[in-house]
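Q: Please take a close look at one residue of the model shown below. Its surroundings may then be set against the chain as a whole.

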Amino acid sequence: ATSAQIHRHRSVPGLTERFELFMCQKELVNAYTELNDPVIQRERFQQQASDKAAGDVEAQMVDENFCTALEYGLPPTGGWGLGIDRLTMFLTDSANIKEVLLFPAMKPEGKI
């Protein structure tokens, strides 16, 4: 699975335009070219919404505001993210990201 916003590779079918930087077996950076085609973006969001309806808890709903913004035009964009949590993992030689999170996400115990 891949993010709904990642652009497909321009010349190599089956690939996306993204990379990750690893140092000492730890991921530090996640980077990709943003998808800026509103038609393809909406299709991907709709597929994720179907996956969510089928029980995929990580899938997202359609973001119509985002798709509308794309219809007005978005130039080619991309970027990279270096999470302070991942950088802290690297600097402290931590094996698990939970060791460095100040406010870790907590699962509720028992039934909701």
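Is Ser94 buried or exposed, and what is its relative accessible area?

A: Ser94 is buried, because its relative accessible area is 7% (buried means under 20%, exposed over 50% and partly exposed in between, with a 1.4 Å probe and protein chains only). The model is predicted: local features need pLDDT of at least 70, side-chain atom pairs count only at pLDDT 80 or more, and totals for chains, interfaces and linings use all residues. Residues are numbered from 1 along each chain as its sequence is written, and side-chain values use heavy atoms, without hydrogens and water.

Ser94 lies in the segment that follows helix H3 (84-92). Helices (H or I, at least four residues) and strands (E, at least two) are DSSP runs numbered from the N terminus. When neighbours within four places in sequence are set aside, Ser94 is in contact with Lys26, Met89, Glu99 and Val100 (contact means heavy atoms within 4.5 Å). The Ser94 side chain also forms a polar contact, at 2.7 Å, with the side chain of Thr92. Such a contact is a pair of N or O atoms within 3.5 Å; within protein, one must be able to donate a hydrogen and the other to accept it, and residues adjacent in sequence count only if both atoms are side-chain atoms.

His9 is partly exposed, because its relative accessible area is 30%. Not counting residues up to four places away in sequence, His9 touches Leu15, Thr16 and Glu17. The His9 side chain reaches the backbone nitrogen of Val12 at 3.0 Å. His9 and Thr33 are 24 residues apart along the chain, and 9.1 Å separates their C-alpha atoms. Within strand S1 itself is Phe19, which is also partly exposed, with a relative accessible area of 48%.

The protein chain provides the setting for these residues. The chain has 3 helices and 3 strands, and along the sequence they follow the pattern β-β-α-α-β-α. Of its 112 residues, 20% count as buried. Among contacts between residues at least 6 apart in sequence, 54% join residues at least 24 apart. The protein chain exposes about 8,600 Å², and carbon and sulfur atoms supply 57% of that area.

Conventions: Accessible areas come from the Shrake-Rupley method with a 1.4 Å probe; for residues, only the protein chains shown count as cover.
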